[in-house]
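Hi everyone, thanks for making time this morning. I'd like to walk you through one structure, so please have a look at it with me.

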Amino acid sequence: MTMMVNRMTILIDLLIRKKTSYVIACIGGILIITNSSTDEFRSYRHAAPNNYRTSMGRDSNFFIFSLYSDNEDGRRTYLGIFGNFFRL
């Protein structure tokens with residue numbers, strides 16, 4: 001009887017780990033898909049897409065989020081995640 005209970009607890013533990021792995025993978029995939037591009041940042045800052053100012057652009061791309069800077073009015077840093085931008 002105890003051997004059967006041990007097997008059941010091991011099976012339940014494996015299923016929980018598997019579900020957790022799937023959830024983490026799905027969240028990571030969503031973050032990667034919604035990582036913003038430089039053109040989206042320019043649109044957010046209301047700059048013309050063809051107006052490539054050297055003072056605006058992506059500083060770092062971490063695949064799940066990106067850091068952008070805008071030096072137009074002093075150095076400002078923005079976090080791009082889930083298709084949104086947040087001023088840091």
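Predicted model: local features only at pLDDT ≥ 70, side-chain atom pairs only at ≥ 80, totals over all residues.

Let's start at phenylalanine 82, which sits in the loop between strand S3 (76–81) and strand S4 (84–87). Residues are numbered from 1 along each chain as its sequence is written, and side-chain values use heavy atoms, with hydrogens and water left out.

Phenylalanine 82 has a phi near 55°, a positive value in a residue other than glycine. Most residues other than glycine have a negative phi. With a relative accessible area of 45%, phenylalanine 82 is partly exposed; buried means under 20%, exposed means over 50%, and partly exposed is in between, using a 1.4 Å probe and protein chains only.

Where else does a positive phi turn up? Phenylalanine 63 has one of about 70°, and it is not a glycine either. Phenylalanine 63 belongs to the loop between S1 and S2, and it counts as exposed at 58% relative accessibility.

Now, what touches phenylalanine 82 from elsewhere in the chain? Threonine 34 does: leaving aside neighbours within four places in sequence, threonine 34 is in contact with Phe82 and Gly83, contact meaning heavy atoms within 4.5 Å. Threonine 34 is in the loop between H1 and H2 and is partly exposed, at 26%. Its C-alpha is 6.9 Å from that of isoleucine 81, although the two are 47 residues apart in sequence. A polar atom of the threonine 34 side chain also lies 2.8 Å from the backbone oxygen of isoleucine 30.

Let's step back to the whole protein. How many helices and strands does it have? There are two helices and four strands, and along the sequence they follow the pattern α-α-β-β-β-β. Of the 88 residues, 18% count as buried. Among contacts with a separation of 6 or more, 36% are between residues 24 or more positions apart.

Which residues make up the largest nonpolar core? The five are Phe41, Met56, Tyr68, Tyr78 and Phe85. A nonpolar core is a set of buried Ala, Val, Leu, Ile, Met, Phe, Trp, Tyr and Cys residues joined through side-chain atoms within 4.5 Å. In soluble globular proteins, nonpolar side chains tend to be buried together. Beyond its neighbours within four places in sequence, phenylalanine 41 is in contact with Met56, Gly57, Tyr68, Ser69, Asp70, Tyr78 and Phe85. Arginine 42, in helix H2, is buried too, at 5% relative accessibility.

Serine 66 is another buried residue, with a relative accessible area of 0%. You'll find serine 66 in strand S2 (residues 66–70). Its side chain makes a polar contact of 2.9 Å with the side chain of asparagine 35. By polar contact I mean a pair of N or O atoms within 3.5 Å; within protein, one must be able to donate a hydrogen and the other to accept it, and residues adjacent in sequence count only if both atoms are side-chain atoms.

On to the charges. A search of the whole structure finds two salt bridges, a salt bridge being a side-chain nitrogen of Lys or Arg within 4 Å of a carboxyl oxygen of Asp or Glu. One joins arginine 17 and aspartate 13, whose closest N and O atoms are 3.1 Å apart. Both lie in helix H1, four residues apart, about one turn of the helix. Arginine 17 is exposed, at 54%, whereas aspartate 13 is partly exposed, at 34%.

In the other bridge, the side chains of arginine 45 and aspartate 70 meet at 2.7 Å, N to O. Arginine 45 lies in the loop between helix H2 (38–44) and strand S1 (56–61), and aspartate 70 in strand S2, so the pair ties together parts that are 25 residues apart in sequence. Arginine 45 is partly exposed, at 22%, while aspartate 70 is buried, at 2%.
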